[in-house]
Amino acid sequence: MKPEIVVLADLSAVAIEAADRIVRLAHESIAAQGRFTIALSGGSTPRALYTLLASEEYRDRIEWDRALVFWSDERCVPSDDADSNYRLAHETLLSKVPIPSGSVHRVMGEADPEHAAMLYEQIIRREVPVRDSIPAFDLILLGMGPDGHTASLFPGTAALHEKHRLVVASFVPKLNAHRITFTAPLVNAAANVMVLVAGSDKADALRAVLEGEFKPDVLPAQMVRPESGQLMWLVDRAAAVHLRHR
Ligand code: 6PG
């Protein structure tokens, strides 16, 4: 299915578009199967989205007691660390909406990376409904770095070539840090994948990923090609400035 690329004025407009789509997807998933499985992204871009979803305007538009929340990647740090993707979402969103604590599945960033990855995969296989023999999230949120990485699938790392595991630990030399990340098979099994990109520092990578030569080892975000799901790129004008087709 051809990706949908939506160019919006700025990060705030990206957050609004994303929030409206998430509300709709949650409603559809809960109506169809009684639950909404979502994997949140990390970094700084989603902060505006999470804050908006927790606001008076949006808070009651998702049946949070029917949601199951995961993360598409995590830094190998404790949950109260400033770098924790869990902490970002907890502080801006999850502590402000009525989601049962048992429905929030964080990565054990404080644990041994390989062990944390194995445990997380077990939880996903237990909690997320399977389609075509692989757990299929209703929605996976992703971001993209200026180097074209997504989740914690970084250029030149072995995680890019994982074809069977759903979650792996990955040492990222450029960061000198371990990460836990969804693999391409898990991302591409989702019913919906939404990539949020904002800022001029992403412009070169965005054009290369969307319009350049297919070289996923260098531009891992090119690996995001859902088998049968919908792929949405919600990007701001600054990030889209070099796109020819928009
Ligand atoms: C992470 C993210 C990562 C992020 C991009 C963009 O853990 O850092 O999952 O993939 O989405 O690096 O980060 P920014 O939103 O901070 O630009």
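This is a predicted model: local features need pLDDT of at least 70, side-chain atom pairs count only at pLDDT 80 or more; totals for chains, interfaces and linings use all residues.
Two strands are said to pair if DSSP finds at least two bridges between them.

Select the six strands of the open sheet, whose order is S1-S11-S10-S7-S2-S3 and whose pairing is parallel. Its edges are formed by strand S1 (4-8) and strand S3 (67-71), each of which pairs on one side only. From one strand to the next, the twist averages 15°.

**Inside the sheet.** Next, select strand S7 (residues 139-142) together with strand S10 (residues 192-197); these run parallel and are joined by three bridges. Within this pair, leucine 142 of the chain stands opposite valine 195 in S10.

**The ligand.** Finally, select the ligand and the 15 residues that surround it, the closest being Thr45, Asp73, Arg75, Ala151 and Lys202. By class, this shell comprises two nonpolar, nine polar and four charged residues. Which atoms lie 2.8 Å apart at serine 44? They are a polar side-chain atom of serine 44 and an oxygen atom of the ligand. At asparagine 85, a polar side-chain atom lies 2.9 Å from a ligand oxygen atom. Alanine 151 places a backbone N or O atom 2.6 Å from an oxygen atom of the ligand. Taken alone, the ligand exposes 420 Å², of which the protein buries 87%.

Technical notes: Residues are numbered from 1 along each chain as its sequence is written. Side-chain values use heavy atoms; hydrogens and water are left out. A residue is near a molecule or strand if one of its heavy atoms lies within 4 Å of it. A polar contact is a pair of N or O atoms within 3.5 Å; within protein, one must be able to donate a hydrogen and the other to accept it, and residues adjacent in sequence count only if both atoms are side-chain atoms. Accessible areas come from the Shrake-Rupley method with a 1.4 Å probe; for residues, only the protein chains shown count as cover. Ala, Val, Leu, Ile, Met, Phe, Trp, Tyr, Cys and Pro count as nonpolar, Asp, Glu, Lys and Arg as charged, and the others, Gly among them, as polar. Helices (H or I, at least four residues) and strands (E, at least two) are DSSP runs, numbered from the N terminus. Axes are lines fitted to C-alpha atoms, for helices over the stretch in contact, and angles run from 0 to 180 degrees between N-to-C directions.
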